[in-house]
Amino acid sequence: MLEMPVIGLESEFRVFVDDAEVAPEEYWRTPRAFITAPTLQRTTKSVQLPTGGALYFDGGVLEVVTPVIELAPQCTARVVRSLWEQIGFVREQLDAWEQKSGTRVRLQAFSCHTNISFELSREERHRNRTIQKLAVLLARLLPVPVIVTGENRRSTGIGVRPRRDRVEITLDFTPEPGLMATTVALIVGVVRDVIEWPSYLVSEIDQRGIPLIAAVEPGRHPSRNGWVTRDFHFPQNPFTADIDAAEWEMTDGRKLSLRQAALEITRHFRPGIERYADPESVRRLFSLLEGSAMSLLDLDDRPAAYEDVDSEAPLEPPWRDEAADRRARTRKYPERRAPSSAPSSEQRPLTRSAYERVFLHLGARKSFRLAGEELTPVAVKGWYHAVLRAPNGEERVLSIDQLLASRVSV
């Protein structure tokens with residue numbers, strides 16, 4: 001367990017080579033087959049990237065993962081920036097492999113998972129305040145606002161998976177940084193607020209006066225312990241419905257549109273959302289829910305950007321900083337269109353979080369000085385530990401919190 005509560009993002013992509021889908025672990029065997037830049041080893045099917053995150057081959061998909069980023073003001077913007085930096089690095093490496101191999105590689109958007117710490121002590125937990133009951137509660141609260149904010153016409157559901165020390169929210173990938181930041185801000189704000197509730201019984205929702213769409217019962221998640229709220233759990237399919245038609249019966253007896261229902265739920269959590277999000281994401285979130293900005297569900301179909309995810313355009317403020325700017329590239333396939341960048345803002349560029357700086361330091365394979373010794377990174381173990389080599393050749397496993405004590409800077 002880390003000393004500070006954190007968030008992190010994972011995104012999965014289907015891989016197409018010359019428009020034929022391939023399983024990355026079968027086609028390349030290891031990420032090092034196309035990544036030529038120096039990396040640290042994690043497992044045979046994963047590597048630690050210079051951009052601070054990691055790349056996995058996992059179950060037939062390519063998965064990029066951010067480093068853990070501690071909860072703090074604007075942390076949701078930081079984690080989205082980090083994810084797009086990982087995607088950008090992987091895309092650059094694939095571009096180089098395309099030039100060398102004479103083939104075309106396309107990354108099709110699949111899923112995005114938001115992981116959020118659940119750090120309650122044993123004394124703070126009781127029979128009505130377990131992570132399993134938290135997951136059931138979130139499977140009722142999150143789907144409607146997340147569907148309106150970040151899902152598309154071909155989406156099918158929202159999942160909530162309880163882990164030992166975190167809760168994982170699963171949904172479709174959003175191939176546009178600004179809209180992804182808006183959705184992540186919503187998710188993190190709601191989850192962190194609910195974690196503070198004294199009870200995770202479903203009855204707590206009614207007691208707090210939060211209206212939900214009536215007759216929605218989440219189902220068991222098919223792949224892991226957890227819950228999922230799918231299209232068929234609703235009275236009608238919310239992903240294909242008119243989001244502005246007042247045809248949804250609420251638990252308080254009113255009939256609202258899907259957008260109105262999402263707004264009603266989200267309003268209860270606005271202070272928590274503002275605690276962790278950047279101001280631009282909060283503005284865009286409520287503009288979308290109030291109907292002055294477009295949702296993906298306002299479109300007839302999901303955008304074409306899902307079919308070929310790229311990050312060629314640099315991230316705009318508040319995400320961009322000098323360390324994040326990437327060199328211009330000459331694309332083999334210039335017709336690829338990058339998703340539109342995040343909305344412009346007058347905010348100052350984001351700083352790096354403390355844990356993020358540690359992972360960037362590891363990714364750059366820079367040494368750490370601890371207790372008078374110069375320690376060289378050798379490998380990364382999970383998200384909490386790294387393997388470092390001392391001058392005498394001895395290898396040591398140290399936690400990220402221990403490495404943070406070396407006052408790394410990036």
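I count a contact when heavy atoms lie within 4.5 Å. I also note that this model is predicted.

**Entry: Phe34.** I listed the contacts of Phe34, leaving out residues up to four places away in sequence. Phe34 touches Trp28, Leu55, Phe57, Leu62, Val90, Gln93, Leu94 and Trp97.

**Entry: the cores.** I looked up the largest nonpolar core and found 97 residues in it. Phe34, Leu62, Leu138, Ile169 and Phe173 have the most contacts inside this core. Helix H5, residues 177-195, gives the most to it, with 12 residues. Another core lies apart from it and has 21 residues, among them Leu40, Phe368, Trp383 and Ile400. I recall a general point: in soluble globular proteins, nonpolar side chains tend to be buried together.

**Entry: strand S6.** I checked both faces, and both are covered. Val61, Glu63 and Val65 are buried on one side, and Leu62 and Val64 are buried on the other.

**Entry: partners of S6.** Which residues sit opposite Leu62? In S1, residues 6-17, I found 4 bridges to S6, in the antiparallel sense. Phe13 stands opposite Leu62. S5, residues 54-58, also runs antiparallel to S6, with 5 bridges. There, Phe57 has Leu62 as its bridge partner.

**Entry: the turn.** The hairpin of S5 and S6 has 2 residues between the strands. Gly59 takes a positive phi near 60° in this hairpin.

Key:
Residues are numbered from 1 along each chain as its sequence is written. This is a predicted model: local features need pLDDT of at least 70, side-chain atom pairs count only at pLDDT 80 or more; totals for chains, interfaces and linings use all residues. Side-chain values use heavy atoms; hydrogens and water are left out. Buried means under 20% relative accessible area, exposed over 50%, partly exposed in between (1.4 Å probe, protein chains only). Two strands pair if DSSP finds at least two bridges between them. A nonpolar core is a set of buried Ala, Val, Leu, Ile, Met, Phe, Trp, Tyr and Cys residues joined through side-chain atoms within 4.5 Å.
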